[in-house]
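This briefing accompanies the sequence and three-dimensional structure shown below. Please keep both in view while reading the points that follow.

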Amino acid sequence: MVFLADSLLQELKNTIRTVPDFPMKGILFRDITPILSDSLLLTEMMERIVKDIKNLNWTPDVIVGPEARGFIFGPLLSTRLKNSFVPVRKPGKLPSKTIKIDYTLEYGSDSLEVHEDAISPGQKILIIDDLLATGGTVSACIELCKKMGADVIGVVFIIELEGLGARELLGDIPIHSLLKYPA
C-alpha cells in the first residue's frame with residue numbers, strides 16, 4: 001500500500017476510476033474523466049502542476065500536448081504559465097504544412113505531426129499528457145520537438161504506470177508524474 005501524505009494526491013487517486021479489462025482483457029484502465037467532471041478538483045490539480053513545475057525550476061516557452069488528452073491539460077497549463085500551446089496530432093488532422101515522425105508501438109506503428117511553424121529552434125518545451133505507460137507517444141513528441149531544434153526540458157503526467165520501461169526509453173528527459181500505479 002502506498003501512503004500519500006498529500007491530501008490532493010489522495011483525492012485524485014480516490015477520484016480516478018479503475019476499469020478492468022479495458023480496452024482489452026487483463027488491462028486495468030485508469031480513467032481520469034471523473035476528475036474532468038469536478039471543476040474544483042481539476043483546478044486544484046492544475047495549480048499543483050504549476051507549483052511542481054516552478055519547484056522543479058522548469059521555465060518552458062511552449063507547452064506541447066499530444067492527442068487526445070494532452071489537448072485537455074496542455075491549454076489549461078499554458079494559460080496558467082502564460083505561454084503558447086502546440087497540439088501534436090495524428091496524420092492528416094492539422095490544416096497547414098506539418099513535420100511528421102513515425103514511431104513504433106508495442107503492436108505496430110503510428111505517426112504524429114505538428115505544424116512546421118509551431119515551434120522555433122531553441123525554444124524550451126514542456127510536454128504534458130494524462131498517462132505515461134510504455135512511453136511511445138511521448139518519445140515521438142520529444143523527437144518531433146528535437147527535429148524542430150527545440151529543447152525538451154521535461155514531461156508531466158497525471159498518471160504513470162510503473163514497470164513498462166517508459167523511463168528507460170525516455171533516457172535523461174526529466175519526468176514528473178502526480179500519481180504512480182503498478183502496471
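**Exposed and buried positions in a predicted model**

Asn-57 has a relative accessibility of 64% and therefore counts as exposed, the threshold being over 50%. The model is a predicted one. Its protein has 183 residues, of which 45% are buried, and its secondary structure comprises 6 helices and 9 strands.

**Overall form**

- The radius of gyration is 16 Å, which agrees with the value near 16 Å that a compact globule of 183 residues would have.
- Along the principal axes, the C-alpha atoms fill a box of roughly 45 × 40 × 30 Å.
- Among contacts with a separation of 6 or more, 57% are made by residues 24 or more positions apart.
- The accessible surface amounts to about 9500 Å², and carbon and sulfur atoms contribute 53% of it.

- Helix 3 (residues 39–55) has 17 residues and spans 24 Å from its first C-alpha to its last, close to the 24 Å expected at 1.5 Å a residue.
- The buried residues of helix 3 are Leu-41, Leu-42, Met-45, Met-46, Arg-48, Ile-49, Val-50, Asp-52 and Ile-53.
- An α-helix has 3.6 residues a turn, so residues three or four places apart point the same way.
- The cover over the buried residues of helix 3 includes helix 1 (7–15), helix 2 (33–36) and helix 4. It also includes strand 7 (124–132), strand 8 (151–162) and strand 9 (175–182).
- Asn-57 follows helix 3 and lies in the loop between helix 3 and strand 3.
- The phi of Asn-57 is positive, at about 60 degrees, although Asn-57 is not a glycine.

**Helix 5**

- Helix 5 (residues 136–147) has 12 residues and reaches 16 Å from its first C-alpha to its last, close to the 16 Å expected at 1.5 Å a residue.
- Buried positions in helix 5 are Gly-136, Val-138, Ser-139, Ala-140, Cys-141, Ile-142, Leu-144 and Cys-145.

**Backbone features in the loops**

- Most residues other than glycine have a negative phi, and most peptide bonds are trans.
- Lys-82 is not a glycine, yet has a positive phi of about 60 degrees.
- Lys-82 is placed in the loop between helix 4 and strand 4 (84–88), and with a relative accessibility of 73% it counts as exposed.
- The peptide bond from Phe-22 to Pro-23 is cis, with omega near 0 degrees.
- Pro-23 is located in the loop between strand 1 (17–20) and strand 2 (28–31), and Phe-22 likewise lies in the loop between strand 1 and strand 2.
- Phe-22 is partly exposed, with a relative accessible area of 43%.
- Setting aside neighbours within four places in sequence, Phe-22 contacts Ile-27 and Phe-29.
- A cis peptide bond also runs from Glu-67 to Ala-68, with omega near 5 degrees.
- Ala-68 sits in the loop between strand 3 (62–66) and helix 4 (70–81).

- Ile-158 belongs to strand 8 and counts as buried, with 0% relative accessibility.
- Not counting residues up to four places away in sequence, Ile-158 touches Ile-32, Met-45, Ile-49, Phe-73, Asp-129, Asp-130, Leu-178 and Leu-179.
- Two of these, Met-45 and Ile-49, are among the buried residues of helix 3.
- Ile-158 and Phe-73 are 85 residues apart in sequence, while their C-alpha atoms are 9.3 Å apart in space.
- Arg-89 is found in the loop between strand 4 and strand 5 (98–105).
- Beyond its neighbours within four places in sequence, Arg-89 is in contact with Glu-67, Phe-71, Leu-94, Ser-111, Leu-112 and Glu-113.
- One of these contacts, Glu-67, is the residue from which the cis peptide bond to Ala-68 runs.
- The C-alpha atoms of Arg-89 and Lys-13 are separated by 28 Å, and the two residues are 76 residues apart along the chain.

Conventions: Residues numbered from 1 in each chain as written. Predicted model: local features only at pLDDT ≥ 70, side-chain atom pairs only at ≥ 80, totals over all residues. Heavy atoms only, no water. Helix = DSSP H or I, 4+ residues; strand = E, 2+ residues; numbered from the N terminus. Rg over C-alpha atoms; globule rule 2.2 N^0.38 Å. Buried < 20%, exposed > 50% of the residue type's maximum accessible area, 1.4 Å probe, protein only. Contact = heavy atoms within 4.5 Å. Areas by Shrake-Rupley, 256 points an atom, 1.4 Å probe, with all protein chains shown as cover. Expected span 1.5 Å × (residues − 1).
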